[in-house]
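Visitor: Hello! Could you walk me through this protein, one question at a time?

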Amino acid sequence: MQLMRYCLSPNKLAWLREELGEHADKLLAAMDAAGSNYLAELTELQAGDLSAGDSQLKFAWFQQKLALTTRLTDADLANLTPLSLVDVRVELVSSDKLTAALQQLSSESVLGFDTETRASFEPGVQHPLSLVQLATSDTCYLFQRAVLGERLAELKPLLENEQILKVGIGLRGDGQALKQDWDIQVSPRLDLNWAMAQLGAGKDMGTRQLVAALLHKRIDKPKKMTLSNWQQVPLSQAQVHYAALDALAANQCFWQLIDKLQGFYGKTTVANKPLLPPSLAARLASYFHPA
């Protein structure tokens with residue numbers, strides 16, 4: 001449990017580290033350990049009390065939310081195993097394989113979704129969307145505008161299919177680019193930043209923190225790759241890896257979120273207050289297994 005890191009603002013944490021230096025993390029760890037011990041003792045005291053079930057459930061929910069929304073330090077992130085594409089197929093979709101790829105994706109209920117656009121370093125110059133990434137649990141398809149040309153518009157029925165949820169991280173810009181360039185209204189879509197905010201994250205967690213919290217993995221986001229030329233053909237192996245991981249991470253994070261929330265869905269306290277925020281429960285309801 002990282003209770004103190006959750007409760008302290010980034011500014012307070014920075015101040016604490018400036019004041020205490022190498023002792024700051026030890027103090028935080030001691031405070032977290034004390035909090036964990038207190039909750040464990042309280043739960044043990046209530047174990048034989050049938051009326052305490054409500055409290056135990058609330059404590060379990062509190063701990064789950066804390067684990068999901070606590071941001072890791074750079075040092076913590078560095079110690080995690082990198083997210084990889086092992087056992088994942090990556091396909092750079094060519095024009096002759098476009099129809100087959102779209103048919104395959106149309107059979108899915110949830111797709112990891114992301115886009116890339118070539119960065120502009122000139123004032124007033126904005127490049128069109130360069131790449132659309134869509135991922136299932138084991139395959140990531142990359143649709144590059146420079147390869148497909150106007151046929152990229154054939155993604156419209158898939159991206160507007162109301163039976164297929166498109167999940168991603170920070171989707172506003174992706175949706176705007178597709179609407180502006182191709183008149184594609186991506187729907188339905190779920191931004192995982194929004195989902196975590198409903199749980200108390202407070203502000204956008206971003207891809208690195210979400211992958212760490214939900215998958216216990218590290219995903220690297222080098223700025224050099226983010227700002228690379230996504231219009232070039234062929235894409236470099238590093239670009240392919242970077243782009244595929246983003247969409248795959250979104251898909252895997254979504255299903256891990258469902259798994260971690262499953263045990264609390266539909267549960268209420270004695271006061272009949274639902275544990276899951278109603279807005280989040282409503283968005284995810286069809287993906288939970290019946291109790």
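Guide: Gladly, and let us start with a charge and a ring. In this predicted model, the charged end of R283 is placed over the ring of W194, 5.5 Å from the ring's centre.

Visitor: How many helices and strands are there in the protein?
Guide: The protein has 291 residues, and 42% of them count as buried. Its elements comprise 8 strands, and the number of helices is 14.

Visitor: Among contacts between residues at least 6 apart in sequence, what share joins residues at least 24 apart?
Guide: A contact here means heavy atoms within 4.5 Å. Among the protein's contacts between residues at least 6 apart in sequence, the share joining residues at least 24 apart is 68%.

Visitor: Which residue forms a salt bridge with D246?
Guide: Side chains of opposite charge can pair when their charged atoms come close. The partner of D246 lies in the loop between β8 and α12, while D246 belongs to helix α13, and the two are 25 residues apart. With the closest N and O atoms 2.7 Å apart, the partner is K221.

Visitor: Is D246 buried or exposed?
Guide: Buried means under 20% relative accessible area. K221, at 28%, counts as partly exposed. D246 has a relative accessibility of 8%, so this residue counts as buried.

Visitor: How far apart are the closest N and O atoms of D220 and R218?
Guide: D220 is partly exposed, with a relative accessible area of 43%, whereas R218 is buried at 18%. The two form a salt bridge, and their closest N and O atoms are apart by 3.0 Å.

Visitor: How many salt bridges does a search of the whole structure find?
Guide: One of them joins the side chains of E154 and R151, at 2.7 Å from N to O. E154 is partly exposed at 33% relative accessibility, and R151 is partly exposed at 27%. For the whole structure, the search gives 8.

Visitor: Why is the pair of F254 and W255 edge-to-face?
Guide: The structure holds 7 aromatic pairs. In the pair of F254 and W255, the ring centres are 5.0 Å apart and the planes lie at 75°. Planes over 60 degrees apart count as edge-to-face, so the angle of 75° makes this pair edge-to-face.

Visitor: Which residue forms a stacked aromatic pair with Y265?
Guide: Y265 is in the loop between α13 and α14, and its partner is in the segment after α14, 23 residues apart. The rings are 4.4 Å centre to centre with 20° between the planes, and the partner is F288.

Terms used: Residues are numbered from 1 along each chain as its sequence is written. This is a predicted model: local features need pLDDT of at least 70, side-chain atom pairs count only at pLDDT 80 or more; totals for chains, interfaces and linings use all residues. Side-chain values use heavy atoms; hydrogens and water are left out. Helices (H or I, at least four residues) and strands (E, at least two) are DSSP runs, numbered from the N terminus. Buried means under 20% relative accessible area, exposed over 50%, partly exposed in between (1.4 Å probe, protein chains only). A salt bridge is a side-chain nitrogen of Lys or Arg within 4 Å of a carboxyl oxygen of Asp or Glu. Rings of Phe, Tyr and Trp (its six-membered ring) pair if their centres lie within 6.5 Å; planes under 30 degrees apart count as stacked, over 60 as edge-to-face and the rest as tilted. A charge sits over a ring if NZ of Lys or CZ of Arg is within 6 Å of the ring centre and within 35 degrees of the ring normal.
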